[in-house]
Number of protein chains: 2
Amino acid sequence: MDKTGRYQFLAEPFHCDFSGHLLVGHLGNHLLNAADYHSRERGFGMDYLGPRHKAWVLSRLAIELEETPRAYDEMTIETWVEGAMRYFTTRDFAILAADGHAYGHGRSVWALIDTESRQPTDILAIRDGSVADYIDAERSCPAGRVSRVRPAADHCRERRLEMQYSDVDVNGHVNSVKYIEHALDLLPLDWYRQHPLRRLEVAYVAEAHAGDTLTLMLDQVSETEYHFFIQKDKEKDKSCVDVAHGKFVFG
Amino acid sequence: MDKTGRYQFLAEPFHCDFSGHLLVGHLGNHLLNAADYHSRERGFGMDYLGPRHKAWVLSRLAIELEETPRAYDEMTIETWVEGAMRYFTTRDFAILAADGHAYGHGRSVWALIDTESRQPTDILAIRDGSVADYIDAERSCPAGRVSRVRPAADHCRERRLEMQYSDVDVNGHVNSVKYIEHALDLLPLDWYRQHPLRRLEVAYVAEAHAGDTLTLMLDQVSETEYHFFIQKDKEKDKSCVDVAHGKFVFG
């Protein structure tokens, strides 16, 4: 089987924002779905791992867009494994238009956890290290890595939001892309009239569940760059726990 | 061209809830997308109407589900026009599994508005009444009509929520399905462990936009039936305006 998986998606009109461009949250879910199809077809998907009490957990995600697909655009998402170590794999993405040119690229880092202990487990132990058979070290991905961000003393926007039924996905915790959607929602719709999203980065630190209350914080670090920080309330001692943080770069 | 349009969709795993069933919001968007494809292909879609300052506006929607598609299920959504009058069309849906059996059905009522005056305009004036050529009065749809609901004196749940960038779709106002998602989120995730949604109804009264604050109210009318009411704040005089209301029936 080919190292690269190729999956067709359509920018469905009711998945598009007010400007007729695919909502980046929907694009992010397409990437997660493509990752799932690729790993299933190659024997290390959730269907194989679930009954063995293991699950892939997204640790980092970067998406770079030169152009955002518009309503009715067909796209092919290519995905391949760039590298695998004991506790992390790097999976890359190319988001291609019907004529073959790239809308953009993505890069992600995944851990494999034991769903009972919630601890990382050895990726190279799956099917005697079969993940290694699919590593494509030749193909480079232009999307850069997720960089470190530090919160400012004052945030330009802050919002508290309780996580609900529709925030939770098939893994039982808040969907990775929902954090991105909620963070993008910290900026007013008018911002998006002038500023298309060109790059996003997110690092996932802890899981949140339905009923958790998140605090979403946004810092502006340049005219077109924002950093975001997401924490959840800890019931026990009224402290907060980091859940995710990342970066948006607009055009 | 056939009166019925048929469109393929997949219950993508990251569009599924914690129980592995397609989120009804995503199913609702599939219905809206199918309606859009059907009307475009027959010459009365948004692409034809937009430049003529006209748009379809969803007025009522009912979805009845005997079974909810599960992750990786392929489905075909069939849609056809049941009837057209001067100011309203009725469009029906069948949601079919790969083996042809029905997951469920839908029924919707649409108005055509002038996007400048926001007033209803004559549907039968489009292309000399060409909508009439596609009416399939023979085919019945088992999904019942949207019934009337009245708010109780006390609500069992109430939530205020500001509408954001990602709530707004290609029409420039809050996406029809987002109201349903936000209303479903009034019930805790634990409710959904025991109670699959079997029927939903929604009537749309007014449009909301990014920046509007909604009040979402839920009434329990029987063990498995809830009614919801959504209002938006009016800035001018601090009063409220009805935006949508409807009903959920669970199994």
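Tyr7(B) counts as buried because its relative accessibility is 10%, where buried means under 20% relative accessible area, exposed means over 50%, and partly exposed lies in between, computed with a 1.4 Å probe on protein chains only. The residue is found in strand 1 (residues 5–10) of chain B, with strands (E, at least two residues) and helices (H or I, at least four) taken as DSSP runs numbered from the N terminus. Leaving aside neighbours within four places in sequence, Tyr7(B) is in contact with Ala34(B), Tyr37(B), His38(B), Glu41(B), Arg42(B), Met75(B), Thr76(B), Ile77(B) and Thr79(B), contact meaning heavy atoms within 4.5 Å. Tyr7(B) and Ala35(B) are 28 residues apart in sequence, and their C-alpha atoms are 9.7 Å apart in space.

This is a predicted model, in which local features need pLDDT of at least 70 and side-chain atom pairs count only at pLDDT 80 or more, while totals for chains, interfaces and linings use all residues. Residues are numbered from 1 along each chain as its sequence is written, chains are lettered from A and ligands numbered from 1 in the order in which they are written, and side-chain values use heavy atoms, with hydrogens and water left out.

Most residues other than glycine have a negative phi.

The secondary structure of chain A comes to four helices and 10 strands, and from the N terminus on its elements run β-α-α-β-β-β-β-β-α-α-β-β-β-β. Helix 3 (residues 176–184) of chain A is mostly covered, with nine of its nine residues buried; among them are Tyr179(A), Ile180(A), Glu181(A) and His182(A).

Turning to chain A as a whole, its radius of gyration of 18 Å agrees with the value near 18 Å that a compact globule of 251 residues would have; the radius is taken over C-alpha atoms, and the globule rule is 2.2 Å times the number of residues to the power 0.38. The C-alpha trace of chain A spans about 50 × 50 × 30 Å along its principal axes. Buried residues make up 57% of the 251 residues in chain A, and of the contacts in this chain with a separation of 6 or more, 71% are between residues 24 or more positions apart. Chain A exposes about 10700 Å², of which carbon and sulfur atoms supply 47%, the areas coming from the Shrake-Rupley method with a 1.4 Å probe.

How are the two copies related? A rotation of 180 degrees with 0.0 Å of shift along its axis superposes chain A on chain B, with an RMSD of 0.0 Å. The two copies are thus related as by a two-fold rotation axis, the superposition being by least squares on the C-alpha atoms of residues with pLDDT of at least 70 in both. Of the residues of chain A, Leu161(A) comes closest to the rotation axis, its C-alpha lying at 4.6 Å. Because 100% of the interface residues of chain A are also interface residues in chain B, the copies meet through the same surface.
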